[in-house]
Amino acid sequence: MTQTPEELPPLKILLNQLDWNLQWLQQMEKNEATDYYRDAALQRFDFTLHTATKCIQAAALKQNMTCESPEECFALAENREWLPQGIDWKNMLQDHKNMKTESTTKEADAVFTHLKNHHEQLKILFDRLSELENNS
């Protein structure tokens with residue numbers, strides 16, 4: 001999953017995409033909990049998590065570090081204090097994995113109920129990476 005510096009867009013561009021995804025994810029949370037809106041919100045969560053991982057990779061590359069998997073990247077983000085210590089990012093990644101399997105409606109509904117919390121965690125990551133980018 002790690003991309004070379006030539007393949008990975010600059011952090012600033014990735015942060016713009018993450019911001020857009022976070023806004024859409026938040027908008028999805030406001031819709032009623034129909035199957036259609038739930039599935040749309042889960043799809044937006046997927047996009048948002050992938051973009052967040054790329055942002056972490058780009059920030060890591062700027063500091064001559066790398067991470068490959070989402071697990072490695074989020075552990076690095078916590079270690080670098082791009083996420084607050086103790087944030088339950090492992091649950092967020094587990095929810096993401098649960099979405100990728102042939103999930104039942106019950107599993108999809110369970111992930112959907114966690115999206116507000118996941119959005120808040122990803123927003124903190126966005127804010128801290130934005131600050132890092134602005135100070136570089």
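How far apart should the ends of helix α2 (residues 35-62) be at 1.5 Å a residue, and what do the end C-alpha atoms show? I began there, keeping in mind that this is a predicted model in which local features need pLDDT of at least 70 and side-chain atom pairs count only at pLDDT 80 or more, while totals for chains, interfaces and linings use all residues. I number residues from 1 along each chain as its sequence is written, and side-chain values use heavy atoms, with hydrogens and water left out.

**Helix α2.** I took helices as DSSP runs (H or I, at least four residues), numbered from the N terminus. The expected span is 1.5 Å times one less than the number of residues, so the 28 residues of α2 should span 40 Å, and I find the end C-alpha atoms 41 Å apart, which agrees. After α2 comes N64, for which I noted a positive phi, near 60°.

**Packing of α1 on α2.** For axes I used lines fitted to C-alpha atoms, for helices over the stretch in contact, with angles running from 0 to 180 degrees between N-to-C directions. Helix α1 (residues 11-29) packs against α2 at about 155°, and the axes are 9 Å apart. That makes α1 roughly antiparallel to α2, given that angles under 35 degrees count as roughly parallel, over 145 as roughly antiparallel, 65 to 115 as roughly perpendicular and the rest as oblique.

**Packing of α2 on α3.** The axes of α2 and helix α3 (residues 70-79) come within 9 Å and cross at roughly 60°. This makes α2 oblique to α3. Taking contact as heavy atoms within 4.5 Å, I listed L49, A52, T53, I56, Q57 and A60 on the α2 side, meeting P70, C73, F74, L76 and A77 of α3.

**Cysteines.** I next searched the whole structure for disulfides, meaning a pair of cysteine sulfur atoms within 2.5 Å, and the search returned one. The disulfide joins C67 to C73, with an S to S distance of 2.1 Å. The torsion about the S-S bond of C67 and C73 is about 95°, so I recorded the disulfide as right-handed.

For burial I used relative accessible area, with buried under 20%, exposed over 50% and partly exposed in between (1.4 Å probe, protein chains only). C67 counts as buried at 1% relative accessibility, C73 counts as buried at 0%, and C55 counts as buried at 0%.

Terms used. Helices (H or I, at least four residues) and strands (E, at least two) are DSSP runs, numbered from the N terminus.
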